[in-house]
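These are my notebook entries on a structure that I am consulting for the first time. I record what I looked up, entry by entry.

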Amino acid sequence: MQKGIDDSLLEMVRFLGTELGNIIQEHLGDEWLEKIEHIRIEGRKSSLGDNNSTEQLQNAFKGMSNDELLTVGRAFSQFLNLANLAEQEDTVAKCFDKNPVNDFFAKLKASETTEMSIVEAVQKLSIELVLTAHPTEVTRRTLIYKYARLAECLSDLHVDNLSDTQRESVETRIAELISQAWHTDEIRAERPTPVDEASWGFSVIESSLWQAVPDFIRKFDKQLSDEFNINLPLNSNIVRFASWMGGDRDGNPFVTSKVTEKVLLLAKKRATALFLNDIQTLFVELSMEACSQELRSQVGDAKEPYRALLGELKQKLTVTEEGIDAYLNGETSVLNVGIENQIELTEPLELCYNSLNSVGMSGIANSQLLDTIRRAYCFGINLLKLDIRQDSDRHAQVFSELTQYLGMGDYNEWSEEDKQAFLLKELDSKRPLIPRKWSPSADVQEVLESCEVVAQQNPEALGIYIISMARRPSDVLAVHLLLQEAGIQWAMPVAPLFETLDDLNNAHDSISQLLAIDWYREFIQKHQYVMIGYSDSAKDAGALAAGWAQYQSQESLVELAQSYGISLTLFHGRGGTIGRGGLPAHGAILSQPPGSCLGGLRVTEQGETIRYKFGTEPVAQHSLALYASAILEALVLPPPAPKDEWRKVVADMAADARDNYRGVVRDDPNFVKYFRSATPEMELSKLPLGSRPSKRKPNGGVESLRAIPWIFAWAQNRLVLPAWLGVMKAVQASIDKGNENTMREMMASWPFFSSRLSMLEMVFMKSNRHIAEKYDERLVEESMRYFGENLRAELTQSRDLLLTLLDQKEVMENDLSSKESMTIRSGYLEPLHLMQVELLARARQNAEDETAALDVALERALMVSIAGVATGLRNTG
């Protein structure tokens, strides 16, 4: 057994690997099984530093046909998917032994002082998770379904007192599912549409969150009651969900007004179907006659009062479901629904609940009925709230074309002061601004039609409107005016998204100018949303400079909101990777400035992280408990505000790190060429991941590349450059100035700084200098290889310095589960990387040969290798 590997996890990985081997043997023969096993053994040796094994694999892959490489790639990609399942099941088992809420309660009891009472903190507790469809999920949905069923089977294997017959049945089902996966194409035939993406989000809710949320709230409520005699109110909605799928039109021409309308209707239809199932179950079970006078007055002389009331609700839900179907199928131009608002769902359910309690049947009330009420307040009749996102330039384009049409000049050439004056005048006007006979450009027309769709919706169906690349107050006022012109009858929250380094640094001034406007303060009703961008700021300035700018902007915005007496909700646009703000939930929340959770937590859950955090009920419950405990801790026991000395040290390091990063990424004219040679960035566009194009501007260079494929590409060659470049060089410079003792104090007492180092430790665990070198040797022309040599040298120096600061000999010494996970994967990843290098070399040679025909096997093998590596690293962008 490998040193340090958990026995049960390794046993499970071996069991699943053996089952896959049996299937390969059955369908491809003994020779192929022996070949795959030989590659696996040599891959393990190569990952441990055996150069002979590395060379053997390289030579073997050179001698294989594209079809043979495709088979190898598929085998190792499946191995990694199965390893993920084994680890997920291992995590589920460990979840039962750990409870983050109880851990927080223990910490609270041991504390002498608190920022607020636990009662007040629970009242403020708000977790809003926003599901997004950024192109990060490489696994096909049909395979996700099979893996979910496999996960259930693995859980069944751990049931106590499982008979031999039952075990045999479960193992037979496991073999069947693995066989199904092996015989399924792992690469999508085409990109998913925005509607496909939204449907996948609905399925996550249906398959795990629908049950996980009420189960979590039930357990959390009991924990609060047992420890502090606190009970959550019946209408508690401490957990809510929103989505960008079908609403995020920033850089995605496929998200149109018609798509948004369809997604909203499909969400309501899915919610209706789910609640119909719940109500049908309750209808069957609530057959009793005794009821309260209030319920009796509603249903008259009905012998079964609960069934009478629930029957009416069933009918309304059925009308809604059928009405949406008829409208979407084109059978009618008028949408007919039986339920418009959440209260129409919650009122009859609460009436049943209160009646059962009043007549001594609280046990029945607090079972399935209570779960349905919790769902009604969490998901509502619309399932989740759809956010709308669009780039600020698209809004400005509307007013640019409009003002020129009206003979007022070009809005885009006006000063900020003139823009604000114009927008505020029109916002206060009672006449329409947009002429009826105006024929704008197609892009402007689409913005106007999207605003009309928004204006027609029930406020309960929508979340907030996010403005990408927001910089000035006029960017926010412009959206409010567009919505007003579209006829909106309610104040939709509008959140500027500050995402570049400069925009983050200017966020305070921009919001301060907004709040100084009397009309605006009255309009927002004392609640402001601001979105903090993690991806683009890190791509712009490097991880440390971006992190410090994010911290400072949040800190200053919290102070600003408090000075105006308004509630501020900070919306965190984090991804799963380090370069996109990814951190374990607890560490991420506590690394924020004090007071940043006072307005609740709103955070994106992106791509494959949705599946890893919420794909099964036990894992989803654990993830929600992590969020709840971290927010409560941030409210009751907030981290200390940094000392002035700490600020100075970090500010200097951030500036140095920014300059180090930009010196490589921006200033060297050869960098883009090296990047595109050393990574599969150019080939990534062929992988049908998400509906959104990989670039904001089709003809742009690396500066126009979205942060997700930027990080994805560097993960593929294991240099993971965006997450660490320039950071530890800046740390070393600070140590050279005599700041090491201060730095160690920061590590011990300031979660913001210690979390930066934790993130780097995780990055260095996933990086691999040996693999990155193999990409350079085969794919980068000799005159450009100095880039790779310098970067790999800095990677090694950075890793060594971090270990010195942490007083460790190896990375992740204090997180053995993560280390075990990477150790298991490394042997499977090694062949995929070396195979990918061979395939990239072939593909690029073919691309240079104008006479060469498209090789389908080559293209598919390359896509499989990219998807396999992403699966093995468990995050892509």
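Predicted model: local features only at pLDDT ≥ 70, side-chain atom pairs only at ≥ 80, totals over all residues.

Residues are numbered from 1 along each chain as its sequence is written, and side-chain values use heavy atoms, with hydrogens and water left out.

Entry on Asn84. I looked up which residues Asn84 touches, setting aside those up to four places away in sequence, and found Tyr612, Arg825, Thr871 and Arg874. Asn84 belongs to helix α4, residues 66-95. Helices here are DSSP runs (H or I, at least four residues), strands likewise (E, at least two), and they are numbered from the N terminus. Asn84 counts as buried because its relative accessibility is 7%; buried means under 20% relative accessible area, exposed over 50%, and partly exposed in between, with a 1.4 Å probe and protein chains only.

Entry on the whole protein. I find 37 helices and eight strands. The radius of gyration is 28 Å, close to the 29 Å of the globule rule for 877 residues, so the protein is as compact as a globular protein of that length. That radius is taken over C-alpha atoms, and the rule is 2.2 Å times the number of residues to the power 0.38. Along the principal axes, the C-alpha atoms fill a box of roughly 85 × 75 × 65 Å. Of the 877 residues, 58% are buried. Among contacts with a separation of 6 or more, 82% join residues 24 or more positions apart.

Entry on α1. How many residues does helix α1 have, and how far does it reach? I read 22 residues (7-28) and 31 Å from the first C-alpha to the last, close to the 32 Å expected at 1.5 Å a residue. The expected span is 1.5 Å times one less than the number of residues. The buried residues of α1 include Leu9, Val13, Leu16, Leu20 and Ile24. An α-helix has 3.6 residues a turn, so residues three or four places apart point the same way. Just after α1, Gly29 takes a positive phi of about 100°.

Entry on α12. This helix, residues 305-328, has 24 residues and reaches 35 Å, close to the expected 34 Å. Leu309, Leu313, Leu317 and Ile324 are among its buried residues. I see that the buried residues of α12 pack against α10 (257-285), α11 (293-299) and α13 (343-358).

Entry on Leu757. Leu757 lies in helix α33, residues 751-766, and is buried, with a relative accessible area of 4%. Beyond its neighbours within four places in sequence, Leu757 is in contact with Met747 and Leu802. I also checked Phe283, which is 474 residues from Leu757 along the chain; their C-alpha atoms are separated by 55 Å.

Entry on the loop between α35 and α36. Are Asp807 and Met812 buried or exposed? Asp807, found in this loop, is exposed, with a relative accessible area of 62%. Met812, also placed in the loop, counts as buried at 5% relative accessibility. Phi is positive at Asp807, near 55°, and at Met812, about 60°, although Met812 is not a glycine.

How values were computed. Contact = heavy atoms within 4.5 Å.
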